[in-house]
Amino acid sequence: MLNLPNFLASIRIILAPLMFWVILNPQIFTDNGYDITWNYYFASLLFVLASATDFFDGYIAREWNQMTMLGAILDPLADKMLTLAAFLGLMMIGEASAWAIYIIIIRELFITGIRTIAVSEGLSVKASWSGKIKTVVQMIAIGFLLMHWPYGDALLWFAVFLTVYSGLEYVWGFRKALLKDEI
């Protein structure tokens with residue numbers, strides 16, 4: 001069912017590859033006489049707009065009781081598409097550490113696998129606060145890196161730390177849910 005929250009997640013899915021393309025093609029501005037900073041601004045604007053849909057789709061889904069199975073799939077997928085598009089684009093232009101991006105991608109793939117197993121087993125392993133904080137810090141790091149602001153690298157590595165920590169916390173929650181299910 002395509003309700004407003006699912007529509008907002010769909011917008012994020014559309015904006016992710018557009019932002020990725022803008023990051024990788026600064027000549028769309030420089031070839032037209034604009035400074036390269038306009039590329040940074042435009043990529044950042046797309047990222048901020050897409051990130052705002054992340055907040056609003058969840059808020060509206062909860063407040064208006066519009067949570068759907070489609071939304072449960074679309075929302076995290078859209079989040080990953082957005083953050084990975086930004087991180088991969090930044091890595092490809094030399095603005096983000098390949099190791100940091102590798103660790104983030106591996107964690108996301110691993111946790112997605114665990115979520116799939118949990119769903120197939122009928123288990124509910126909810127996202128923790130550390131996972132939500134991880135997402136916010138990743139988004140802030142992306143903003144700093146897109147704008148070429150100081151401390152972008154430090155924020156990226158802090159995001160990596162939170163990514164690993166929240167992944168371990170998720171694995172621990174999955175383990176507890178499995179043990180509880182066996183009793």
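Residues are numbered from 1 along each chain as its sequence is written, and side-chain values use heavy atoms, with hydrogens and water left out. Because this is a predicted model, local features need pLDDT of at least 70 and side-chain atom pairs count only at pLDDT 80 or more, while totals for chains, interfaces and linings use all residues.

**View 1. Helix H1 packs against helix H3.** H1 (residues 4-24) and H3 (residues 37-63) pack at an angle of about 165°, with their axes 9 Å apart; helices are DSSP runs (H or I, at least four residues) numbered from the N terminus, and axes are lines fitted to C-alpha atoms over the stretch in contact, with angles running from 0 to 180 degrees between N-to-C directions. H1 and H3 are therefore roughly antiparallel to each other, a term used for angles over 145 degrees. H1 passes H3 in a left-handed crossing, that is, one in which the near helix is turned anticlockwise from the far one by less than a right angle. The residues of this contact of H1 with H3 comprise 19 nonpolar, 2 polar and 3 charged, where Ala, Val, Leu, Ile, Met, Phe, Trp, Tyr, Cys and Pro count as nonpolar, Asp, Glu, Lys and Arg as charged, and the others, Gly among them, as polar.

**View 2. Helix H3 crosses helix H4.** The axes of H3 and H4 come within 11 Å and cross at roughly 160°, and the two helices are therefore roughly antiparallel to each other. Their crossing is left-handed. From H3, Phe47, Ala50, Ser51, Asp54 and Asp57 meet Asp75, Asp79, Leu82 and Ala86 of H4, contact meaning heavy atoms within 4.5 Å. By class, the residues of the contact of H3 with H4 are 4 nonpolar, 1 polar and 4 charged.

**View 3. Helix H4 crosses helix H5.** The axes of H4 (residues 69-92) and H5 (residues 98-120) come within 10 Å and cross at roughly 160°, and H4 passes H5 in a left-handed crossing. The contact is made on the H4 side by Pro76, Lys80, Leu84, Phe87, Leu88 and Met91, and on the H5 side by Ala98, Ile101, Ile104, Ile105, Glu108, Thr112 and Arg115. These residues divide into 9 nonpolar, 1 polar and 3 charged.

**View 4. The largest cavity and its lining.** The lining has 7 nonpolar, 2 polar and no charged residues.

Key. Angles under 35 degrees count as roughly parallel, over 145 as roughly antiparallel, 65 to 115 as roughly perpendicular and the rest as oblique. On a 1 Å grid over the protein atoms alone, a cavity is a set of points where a 1.4 Å probe fits but cannot get out, and a pocket is an open set with protein on both sides within 12 Å along at least five of seven lines; lining residues have an atom within 4 Å of a point.
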